[in-house]
Amino acid sequence: MIAIQDALAQAAEAGLDLVEISPNSQPPVCKILDYGRYKFASQKKAAEARKKQKIVEIKEIKMRPNIDTHDYEVKMKAMERFFEEGDKVKVTLRFRGREMAHQDLGYKLLMKVKEETGEIAKVEAEPRLEGRQMVMLLSPRG
């Protein structure tokens with residue numbers, strides 16, 4: 001443990017700054033270093049961390065209860081691509097007119113989607129009815 005005046009004198013002698021590293025510890029910890037260089041290095045480290053992080057987006061796939069098999073396959077391929085990129089997928093099933101009377105068909109379709117994506121994705125929100133549409137949220141496994 002060194003007195004503050006002695007530490008400041010040592011820093012001035014070395015042509016550097018006295019920087020308080022952890023003020024809450026007993027006794028407070030200080031280092032003698034070039035503060036400008038220290039600040040620059042910490043900014044670089046923060047920028048590097050920001051660059052490496054992935055922002056997870058929610059992609060939406062819209063379907064109808066009586067979707068054709070080829071259209072369904074195309075949407076499933078798009079969904080797989082989204083999962084590979086690390087994005088979440090919101091599957092929206094829109095009911096129009098008298099289709100509301102056959103919500104069981106829509107539920108079966110969403111269960112089929114859930115079953116087919118079971119290996120690469122997990123269900124984050126089970127299928128639920130929101131007005132005239134049924135919604136299910138899937139997120140990639142990993």
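A residue is called buried when its relative accessible area is under 20%, exposed when that area is over 50%, and partly exposed in between. Lys114 has a relative accessible area of 28%, so Lys114 is partly exposed. The model discussed here is predicted.

A salt bridge needs a side-chain nitrogen of Lys or Arg within 4 Å of a carboxyl oxygen of Asp or Glu. By this rule there are six salt bridges.

| Pair | N to O distance |
|---|---|
| Glu48 and Lys51 | 3.9 Å |
| Arg128 and Glu130 | 2.9 Å |

Glu48 and Lys51 are separated by about one helical turn, because they stand three residues apart in helix α2 (residues 35-52). Glu48 is partly exposed at 36%, whereas Lys51 is exposed at 65%. Glu126 is partly exposed, at 43% relative accessibility. Arg128 is also partly exposed, at 41%, as is Glu130, at 34%.

Other charged residues form surface patches. Lys62, Lys90, Arg94 and Arg96 make up a positive patch. Arg96 sits in the loop between β4 (88-94) and α4 (103-116) and is exposed at 53%.

A negative patch includes Asp68, Glu84 and Glu115. Helix α3 gives this patch its largest share, four residues. Glu84 lies in α3 and is exposed, with 70% relative accessibility.

Key:
Residues numbered from 1 in each chain as written. Predicted model: local features only at pLDDT ≥ 70, side-chain atom pairs only at ≥ 80, totals over all residues. Heavy atoms only, no water. Patch = residues over 30% accessible without salt bridge, like charges linked within 9 Å, V, L, I, M, F, W, Y side chains within 5 Å. Areas by Shrake-Rupley, 256 points an atom, 1.4 Å probe, with all protein chains shown as cover. Lys, Arg positive; Asp, Glu negative; His and termini not counted. Charge placed at Lys NZ, Arg CZ, Asp CG, Glu CD. Helix = DSSP H or I, 4+ residues; strand = E, 2+ residues; numbered from the N terminus. Buried < 20%, exposed > 50% of the residue type's maximum accessible area, 1.4 Å probe, protein only.
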